[in-house]
Amino acid sequence: MTVLSLFFYLFASVSLTSSVLVVVSRNPVHSVLFLILTFFNCAALFVLMGAEFLAMLLLVVYIGAIAVLFLFVVMMLNIDFATLRKGMSKNAPIGVLVGLVLFIEIVVSILGMNFEELPNSFSEAQITYNEIENTRALGMVLYTQYAYLFQCAGLILLVAMIGAIVLTHRKRDTVRRQSVIKQVLRSRDQSIDIKKVEIGKGTSK
Amino acid sequence: METSINFSKFLVILPEIFLTLWILFFIIFGVFAGGGNLAKQRMFTLVAILGLVVTFILIFTSDWRAARLLSDLFVQDRLAVFMKLLVTFTGICILLISEKYRSFEKLFIYEYPLLILFSVLGMLIMISSNDFISLYMGVELQSLSLYVLASMKKDSNKSSEAGLKYFILGTLASGFFLFGVSMLFGIAGTTTYTELSVILVNIDNYSPLLALAVVMIISSIAFKLSAAPFHMWTPDVYEGCPTTVTAFIAVVPKIAAVAVIIRILYIPFGNIYDIWYQILAMVAIISIFVGAFGAIVQENIKRLMAYSTIGSIGFVLLALSSGSQQALESSLIYIVIYSLSVLGCFVIIVSMEKDNVALEKITDLSGISRTDPFSAICFSILLLSLAGLPPFAGFVGKFYIFRSLISEGFVELAVLGIIGSVISAYYYLRIVKIMYLDETEEQIIFGYNFSSKLILGISSILVISFLLYAKSVVSFIEYISYSVS
């Protein structure tokens, strides 16, 4: 138990520090790297809670895809981060104030909670699934009990794909496209020109 | 163990299944049909409308009795059926009126009707969700389509700005929603409405974590409803979007979100009324006053309609904050009247043009009573209805809201609401004054086609003659609202 809590505090403190550094570091590449560190520590926290599937998902999706994409965008695009940060010092106090109020609210409400009295609390739900590992537990319900949600999620991804195409695709006349019909219908006369080549002269072209 | 599936129960979700399949067919159809010209776009709109009409008929003919299926993720009752019918009907109307606007804004892409279908599907899922997770799925489907629709005019900076603002603030609201739901799950161990309504009654009502969860969930739905103080995106998005998309955002998602907030407040949070009524009343009063004062200085008619929406949503929430059966009825009556009036207003706003350029300044309307008396009369009727002047429909809606508030003992709220309503009458009347009394040198024209003229005429007639059939509407809404309690 003590080892577990030791690791919890280690991962939690590193993830907190690195998420602060994401916001404050000057170099955008450093920001992204700190973001990756934050994700790693969150994944470790998931493992501590026994949610190994979510941890792997976080690694694969957030670090493998999204954070790397961020890194590409930061390095490829010439974004002037100095002007983007201009409002930082002006707006920071408001942001800190709002964040602080929200933080205090959450702390107060969690301290004010009597977790023993809850009728159907989190801890109880965990016990029933303890014998089956996390991935299998998800697999048991994802395509049966929650098939409806699974289908809805598929539709959302479809909209995301269509949306990305709509917003980025531009019709240009200069682009040469392959027209299968045109290719198939091409006759021999259109494409081949037979010329008698006299010896020693060659064709004119 | 019973393995056979009861297929007759699945008929209830047939409209959603049909619309999904129709959308998938439409994607393939649109890709192969190509189409950068008007005739093909007409065909696409027709295909989309056909899909919505069949969905409408399927919803209407489905079993109206209460049922829950798909492991309690999906619920069917009279409220769901009614709101779904309203959403599909207004969706059809928006597709009909957007034809002309798209032709002169050169919005010749078939994804426009496609994304509207997606959005309507998301709203159907939202309306009949019986679980916070299926609600979230519906909300995301609905708003993701709207973000894309908002930034559809690619050559316009304002449209891109609108899309981006809507997207960033919308995802923030979704984040708050999920945070609230996760806290609720931590407390109760479930996210299903019907189970929550049983569990939440046993908990000490003033548990601060529960209050925080409720605040987060309500504020994220209030964001979707564009209620103040979560309204910041509304004027910019309304102004930046293509006008037909503005019309869509102003009417259809609001109906769905009202259905959602009614269901949330009356079923899972039904027994913890003490936690939410103050929040709702405060949001409502702020919305009414932001709507009333914000609209006064506006020069752009779309921004003005944004503030009008904020104010009207304020009245719906004000009604709900008393938490009674009567409040439920009055808010439903109000949202029906609101969608009818705003739909009519947007037929006119969408059609405002001059030399094939869309116009959106309020002063462009000056003196249209002489050049186009039909539009002037219809617009005046609809605006006066929104202002809540007797004998138009809006008056009846507001009357029922104030009556339900007073009968529950919320006299202060009713008085504040009436003050807000009187202030907001100023800017509605100002437009009427501009249309009838101001002189003009430049003449704008209204490019109606037949269907938009029909919708405008019908909505105006329905609004002006509402008192004649108010009784039957009210008794029908009573019948609808008894399914939730």
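Predicted model: local features only at pLDDT ≥ 70, side-chain atom pairs only at ≥ 80, totals over all residues.
**Exercise 1: where two chains meet**

Work out how many residues of chain A and chain B are in contact, and what the interface is made of.

*Solution.* Start with the head count: 29 residues of chain A are in contact with 40 residues of chain B. Next, look at the area. About 3,000 Å² is buried between chain A and chain B, and carbon and sulfur atoms give 82% of it. Now for the polar side of things: there are 0 salt bridges between chain A and chain B, while 3 residue pairs are in polar contact across their interface, counting pairs with both residues at pLDDT 80 or more.

Then ask which helices are involved. On the side of chain A that touches chain B, helix H5 (88–111) and helix H8 (147–168) of chain A each supply at least two residues. H8(A) gives the largest share of that side, 13 residues. Finally, sort the residues on the side of chain A that touches chain B by type: 20 are nonpolar, 7 polar and 2 charged.

**Exercise 2: Ser287(B)**

Find the helix that holds Ser287(B), then decide: is Ser287(B) buried or exposed?

*Solution.* Go to helix H12 of chain B, residues 273–296; Ser287(B) lies there. Its relative accessibility is 0%, and the cut-off for buried is under 20%, so Ser287(B) counts as buried. What does Ser287(B) touch, leaving out residues up to four places away in sequence? The list is Ala227(B), Ala228(B), Ile310(B), Gly311(B) and Gly314(B).

**Exercise 3: Ile261(B)**

*Solution.* First, the place: Ile261(B) sits in helix H11 of chain B, residues 243–266. Second, the accessibility: Ile261(B) comes out at 2%, so Ile261(B) counts as buried. Third, the neighbours: setting aside residues up to four places away in sequence, Ile261(B) touches Ile221(B), Leu225(B), Leu280(B), Leu317(B) and Leu320(B).

**Exercise 4: a sheet in chain B**

*Solution.* Now zoom in on one pair. Strand E3 of chain B, residues 352–354, pairs with E4(B) over 2 bridges. As for one of the bridge partners, Glu353(B) goes with Ala358(B) in E4(B).

Conventions
Residues numbered from 1 in each chain as written. Chains lettered and ligands numbered in written order. Heavy atoms only, no water. Helix = DSSP H or I, 4+ residues; strand = E, 2+ residues; numbered from the N terminus. Buried < 20%, exposed > 50% of the residue type's maximum accessible area, 1.4 Å probe, protein only. Contact = heavy atoms within 4.5 Å. Buried area = accessible area lost by both parts, 1.4 Å probe. Salt bridge = Lys/Arg side-chain N within 4 Å of Asp/Glu carboxyl O. Polar contact = N/O pair within 3.5 Å; in protein donor to acceptor, adjacent residues only side chain to side chain. Nonpolar A, V, L, I, M, F, W, Y, C, P; charged D, E, K, R; others polar. Pairing = 2+ DSSP bridges.
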